[in-house]
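The sequence and structure come first, then the points by topic.

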Amino acid sequence: MTSADPVDAGPSDVLTERVLAVAGVERVFPPTALTARLPDLVAALATGKLEPPSRVDVSDTDGTTVVNARIATRRESDTPRTARQVADTLMESLDQAAAVSIRIRVVQIT
Amino acid sequence: MNEPEPTLECGKTVEELGDYLAADRTPYDPTIETCPVCLNELRALARVSRLSGDLLAQDAATLPAPPDTWLQAIMHNIHREMRAGRDLPLRHPDPRVRITVTEGAVLALIRAAADDLDGLIVGKCELLGDADRPGASVDVHLTASVRWGRPIPELSTALRDVVSTALGRHTELDIAAVDVTIEDLHGYVATKEVR
């Protein structure tokens, strides 16, 4: 497990990069919740770019930092171990003093 | 049968995905290419398309084409299975972390593993039991078709093995049994009557 500098909850791009760097992770999918995708939809309208960005979603719910990642793992990997490493990587990247909730959903094994 | 065309969570139908695949995935559709459920289904449909193409090529030489209903049944099953379905838990010691793998991803994995076996096609694939409850015992139920002339007992055993190995590697399900029912043969040439 690698140690990572803590980041603020905001930069989901940084978290996404760290998730993609975990061995066994094939890709990250866009968040599903409409509220999570709303900024992307607005941006898409403004830019004309229709593809939703594939990224880890970070939000704040009642003072708790909620991190959602939908990932694909590789068939030659060990999915439970890979997913746990993703969770650990995210946990290390967040402010340890803050209330945190991490949700990893493996949606494809490819 | 006039069942309404089933749709995935994202709203896509098997027909839309089939058309997209037939068009060689062009023009690029980001709503499909960034949707894991659609991608799982596209992959499974591509394998069935290859299979039907192989059988048709064989047919040109010697064998009868598979009946449409046979392939349609497989495609219908794929569409039903590829919905995300239940969330199957994976353990993590930190209570602030929740990890799951979707049932659709696992069923797609089973189909992909079975496709490594020559001469066998999975028809239907189900996880029976409370797969979304940690520690619950789960049965895997598979139906398959075997190519005429291939040994059914050996292929059934091989199917059980590859599925058990894949599930052991990628899930934490407590698999009680992998039941395989060979319910069809394909590539059969009748001497008097071609089905």
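Two strands count as paired if DSSP finds at least two bridges between them. Helices (H or I, at least four residues) and strands (E, at least two) are DSSP runs, numbered from the N terminus. β3(B) and strand β4 (residues 137–147) of chain B pair in the antiparallel sense, over 8 bridges.

The model is a predicted one, in which local features need pLDDT of at least 70 and side-chain atom pairs count only at pLDDT 80 or more, while totals for chains, interfaces and linings use all residues. Residues are numbered from 1 along each chain as its sequence is written, and chains are lettered from A and ligands numbered from 1 in the order in which they are written.

**Chain A**

- Chain A holds 3 helices and 4 strands, and its elements follow the order α-β-α-β-β-α-β from the N terminus.
- Among the contacts in chain A with a separation of 6 or more, 72% join residues 24 or more positions apart; a contact means C-beta atoms, placed from the backbone, within 7 Å.
- Strand β3 (residues 64–73) of chain A runs parallel to β4(A), joined by 10 bridges, and Thr64(A) stands opposite Ala99(A) in β4(A).
- Between β3(A) and β4(A) the chain passes through helix α3 (residues 79–93) of chain A, and this β-α-β crossover is right-handed (clockwise from the first strand over the helix to the second, with the strands pointing away from the viewer).

**Sheet of chain B**

- Chain B has an open sheet of 3 strands in the order β3-β4-β5, with mixed pairing.
- Its edge strands, each pairing on one side only, are β3 (120–128) and β5 (174–186) of chain B.
- Neighbouring strands of this sheet are turned by 15° against each other on average, direction ignored; axes are lines fitted to C-alpha atoms, for helices over the stretch in contact, and angles run from 0 to 180 degrees between N-to-C directions.
- Lys124(B) has Thr143(B) as its bridge partner in β4(B).
- Helix α6(B) lies across β3, β4 and β5 of chain B, at about 140° to β5(B).

**Interface**

- 25 residues of chain A are in contact with 22 residues of chain B.
- On the chain B side, α3 (36–61), β1 (87–90), β2 (97–102), α5 (103–114) and α6 (152–170) each supply at least two residues, and β2(B) gives the most, with 6 residues.
- Strand β4 (residues 99–109) of chain A pairs with β2(B) in the parallel sense over 5 bridges.
- Within β2(B), Thr100(B) is the bridge partner of Arg105(A), and Val101(B) is that of Val106(A).

- Beyond its neighbours within four places in sequence, Val86(A) is in contact with Val19(A), Val22(A), Val25(A), Ala69(A), Ile71(A) and Ile104(A).

Notes: Contact = placed C-beta atoms within 7 Å.
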